[in-house]
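Please keep the sequence and the model at hand while reading.

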Amino acid sequence: MSAEEDKNTRKAVLEESATVKEDSKEYSSSIEEVFSSKEVPSWQKQLTLRAFAVSFVLSVLFAFIVMKLNLTTGIIPSLNVSAGLLGFFFIKTWTKFLEKSGMLRQPFTRQENTVIQTCVVASSGIVFSGGFGNYLFGMSEVIAKQSTEANDAQNIKNPALGWMIGFLFVVSFLGLFSVVPLRKIMVIDFKLIYPSGTATAYLINSFHTPQGAKLAKKQVRELGKFFSFSFLWGFFQWFFTAGDGCGFVNFPTFGLKAFENKFYFDFSATYVGVGMICPHLINVSLLVGAILSWGIMWPLIDARKGSWYSAELKQSSLHGLQGYRVFIAIAMILGDGLYNFSKVLGLTLFGLYRQLLRKDSGTVLPSSGRSSPVIPPSLSYDDRRRTQLFLKDEIPTWFAITGYVTIAIISTATLPHIFPQLKWYYVVVMYIIAPLLAFCNAYGFGLTDWSLVTTYGKLAIFTIGAWAGASHGGVLAGLAASGVIMNIVSTASDLMQDFKTGYLTLASPKSMFVSQIVGTAMGCIISPCVFWLFYKAYSDLGVPGSEFSSPNALVFRNYAILGVEGFSALPKHCLTLCYVFFFGAIVINGVRDAVGRKWASFIPIPMAMAIPFYLGPYFTIDMCLGSLILFVWQKVNRAKANAFGPAVASGLICGDGIWILPNSILALAGVKPPICMKFLSRRTNAKVDAFLGS
């Protein structure tokens, strides 16, 4: 599940921000009145060396976390709160030390905190939009071998550090320049909410009040405890993984038969933490999908082996049971994606129509080209102050247009050298359309907090892949085109959300833009290096059943095969089942919207249901446990759970995620775990004992 597919995971952030808002009432009815005595630093002073140093450290940490999630399930929760909280902790600790020694020259401000959060999220965002768990790795020979179609040389490109870094540098910055001229329209004129950006801003504002700073210290303390526990637990588990099928991750929690169908708890601190961040409905939807697929459908289809598909096929063959798992999941995801794409596009067009009809000049501020904007007196003190400072530091429109055109020209000349199948005229067409797609996604993201990044990527796969054709490397061309569009659309919506966060914390648009540029540049180097470490350390990367099987890479490659070759690759009756689940996803979404928010909270989400169809239920058990822990905690003490739940979850995710670094180093150094712990049936164990005794 991508950034667009975990919209509801951000509700945890919004809940915490609601608590912060309540706390802020103790200080003043106006947030900006609390900070009125503090001078707002210039945009240059908001961009400090210490901020970027901390951003780099956190970017590396988050790169490992997101990469692990990317190469396992693809479910990536919002890390904005963790980035803001950890940035506050590191800089506050450093400045307090300098203050005591009398060497502090510049105090730590909420604007600098916002710069750190923006830079870290921009950098870690490249791990996802860079395609290391989907389109980019889907080009590799490892993934291509899992399909009998389009696995020839012209549709394969194996990962290499050089071309991956070069590719990201020529496509990742275009999105930033494409929406810069629209910042005032989106943030001030249209007053788009950007729920996650707004929630993050309230949290950062809270950190820098006396009471908020005390709460932040307690949150960091809890995060540190569970970070240590999670890291040490990962280290402890390593000792028992000396061979295939060894370790706690293979513990048959519900029995060996259930284990064969992937129903077991794998002791992953990461996914327990993710389950605590994701809302209960997401976790329940995952469990419902797991029971429907691995508990009912796949055993029934497996019983028809030899009739519906050949019994001689390998387990990983897409002409066998694996084909039903992958293509039915794709059908559900496409049905859900089409419905929500149409819904968000409709809301976007309707919102634009209403804005254009609104002729009240008192509510629409002048264009950014004016030197002395008139701020309506009807605005609150907070809005007047924020608007004044937001419009003060202009980013010239000519600069944005020149930057976009220049990078587009460089990119158009470069990409065909990286991917010969991706012709220059394909790239030109994409860059003409891309600003429109970036605007639509940024606007819809501001309305709904739902980013349709992978949906736009899938559209690029089908259109460019079909245009190129099967005989001209259409699969690889489609995957590369997906990467171009996903990077543009993703960075554009992220930047607009950062503008909203900056607006609410009085951070300059210029400092937000520069921070996003720096963070993106960091991500273009850090992300490929982290992926390369995984690629070299784990020889079974991308192999089904391995620790890092990267299932979404196979899904994206199959999107490309479908776009190029049609439905000929599907096994018997699979197309019929795909139609049923495609339209079923649309109907379920329609019912969810029709019954209202109250009853919709009891209806599973098709996108979430589809994830375990091809991954298996194991991670859903972890996430449901995390959800249960949070649910019980909220029943016992809701205020404390809302305040510390995200910190505990972040600690579990970060500790287990950073363990990957020493684990990878040990693997590269050839250091093997000393013990293999396996779980056998009584009959198998008797055979082993008899064999060893003989």
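## Cysteines and helix H28

Cys624 is buried, its relative accessible area being 18%, where buried means under 20% relative accessible area, exposed over 50% and partly exposed in between, with a 1.4 Å probe and protein chains only. The model is predicted, so local features need pLDDT of at least 70 and side-chain atom pairs count only at pLDDT 80 or more, while totals for chains, interfaces and linings use all residues. Residues are numbered from 1 along each chain as its sequence is written, and side-chain values use heavy atoms, with hydrogens and water left out.

The structure holds one disulfide, that is, a pair of cysteine sulfur atoms within 2.5 Å. This disulfide joins Cys246 to Cys676, with an S to S distance of 1.8 Å, and it is left-handed because the torsion about the S-S bond is about -65°. The two cysteines are 430 residues apart, Cys246 in the loop between helices H12 (210–238) and H13 (256–260), and Cys676 in the loop between H28 and H29 (682–693); helices here are DSSP runs (H or I, at least four residues), numbered from the N terminus.

| Cysteine | Relative accessible area | Class |
|---|---|---|
| Cys246 | 4% | buried |
| Cys676 | 41% | partly exposed |
| Cys578 | 10% | buried |

Cys578 is in no disulfide, and the nearest cysteine sulfur, that of Cys574, is 4.0 Å away.

Helix H28 (residues 638–668) is mostly covered, with 22 of its 31 residues buried. A kink of about 45° lies at Phe644, shortly before the proline Pro646, the bend being the angle between axes fitted to the seven residues ending there and the seven starting there. After H28 comes Gly670, with a positive phi near 80°.
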